[in-house]
Amino acid sequence: MRVLGIETSCDETGVAIFDEHLGLMTDLLYSQVDLHQQYGGVVPELASRDHIRKTLPMIDQALTESGTTLADLDGIAYTSGPGLIGALLVGAGIAKSLAFALDIPALGIHHMEGHLMAARMSPSPPDYPFVALLVSGGHTQLMGCTAPGSYELLGESLDDAAGEAFDKVAKMLGLRYPGGPEVARLAEQGDPHRFKFPRPMTNRPGLDFSFSGLKTFTMNTLASLQQPLADSDKADIALAFQTAVVDTIRIKCQRALQHTGFRTLVIAGGVSANTALRQRLQKLEKQSRIEVHYPPTKLCTDNGAMIAYAGFQRLKKGQREDLSINVKPRWPMTELLSMRD
Ligand code: KG4
Ligand code: ZN
């Protein structure tokens, strides 16, 4: 089975082809970051228009590069939610039209399941059951996963997602969008002893997160320093913020593992590319005899490969949908159909 994957949920156009026997044949990514840069964040209408411009030429390129003809495709997977409605509609419209013309199935994929499935594309994929930490620009969730497609929500952010907090702190520090990698880069020069930021919601039981207070704490710390800020001030703050986020996530992951009794942790979504987070969880892996898995770094942030792969898994199980175009800007992962045998 060969599946074309289309990702258009936010500000990246991803097109990939996954083959049951050959694996990932091609994975093309176009980032709109330069388009949105001047606004400091994603402008939804501009995002939709750019997806319209880019998706079809990228499909052509993916077919050519992988030596695939349209007749070789057995199915099309596209991101049907959560995400920006206009952006999602572009991918859904193209996927459904192409599938109709080729008389093959098109299947809507949950963006966060795509992120999670990316971890199963690594050379040593995790076995079920596991706790999944999904950390992106829009989500911070802990999930109990007992089988492909079977998800139980254990905890989530009550306000900002971790990636969103990174992006907002980057803005305060005058860094480029998207801010996560920029804050991480700046933090490398920071002094770890200068500031200690709070670890929100860790001193009470539960698996929920809250990052908005940490963001305010960062802003107040910035304002308390002599202006204009020295580069070293910015680096020290970036490091204190990143360490607080990483430590909070580590505490909650440990708690979720204790709560479920599972011994495997899977981290996915854009923030899982963060080196400090990976290093901290690797330390936990050694200390606590648990296994920690991540997607290959290239597949941590948005991409088409994860959608093609997740689509392949579901299409292979016989999952189908009709030709109506139906996207879901909000969509709890717990509503997904299980792929349990
Ligand atoms: O998964 P993703 O590409 O898109 C969404 O589904 O949201 O995640 C993007 C988020 C952004 O907030 C970005 O700042 C953050 O992931 N991010 C990082 C890093 N790389 C991306 N945050 C911290 N450290 C990184 N290295
Ligand atoms: Zn994403």
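I began with two phenylalanines and noted that Phe18 and Phe312 are both buried, keeping in mind that this is a predicted model.

I then looked up how their rings sit and found an aromatic pair of the tilted kind, with 5.2 Å from centre to centre and 40 degrees between the planes. Phe18 belongs to strand β2 (residues 12-19) and Phe312 to helix α10 (residues 305-316), so I wrote down that the pair ties together parts that are 294 residues apart in sequence.

For the structure as a whole I recorded seven aromatic pairs.

I also checked for charges placed over rings, and I noted Lys54 over the face of Tyr30, 4.3 Å from the ring centre, as well as Arg278 over the face of Tyr294, 4.4 Å from the ring centre.

My last entry concerns the zinc ion (ligand 2), which is coordinated at 2.0 Å by His111 through NE2, His115 through NE2 and Asp302 through OD. Along the chain, the donors of this zinc ion follow the spacing H-x3-H-x186-D. His111 and His115 are four residues apart in helix α4 (residues 111-118), and therefore about one helical turn separates them. I looked up their accessibility too: His111 counts as buried because its relative accessibility is 7%, and His115 counts as buried because its value is 1%, the cut-off for buried being under 20%.

Conventions: Residues numbered from 1 in each chain as written. Chains lettered and ligands numbered in written order. Predicted model: local features only at pLDDT ≥ 70, side-chain atom pairs only at ≥ 80, totals over all residues. Heavy atoms only, no water. Phe/Tyr/Trp six-rings, centres within 6.5 Å; stacked < 30°, edge-to-face > 60°. Helix = DSSP H or I, 4+ residues; strand = E, 2+ residues; numbered from the N terminus. Buried < 20%, exposed > 50% of the residue type's maximum accessible area, 1.4 Å probe, protein only. Lys NZ or Arg CZ within 6 Å of the ring centre and 35° of its normal. Donors = N, O, S within 2.8 Å, 3.2 Å for Na, K, Ca; no water.
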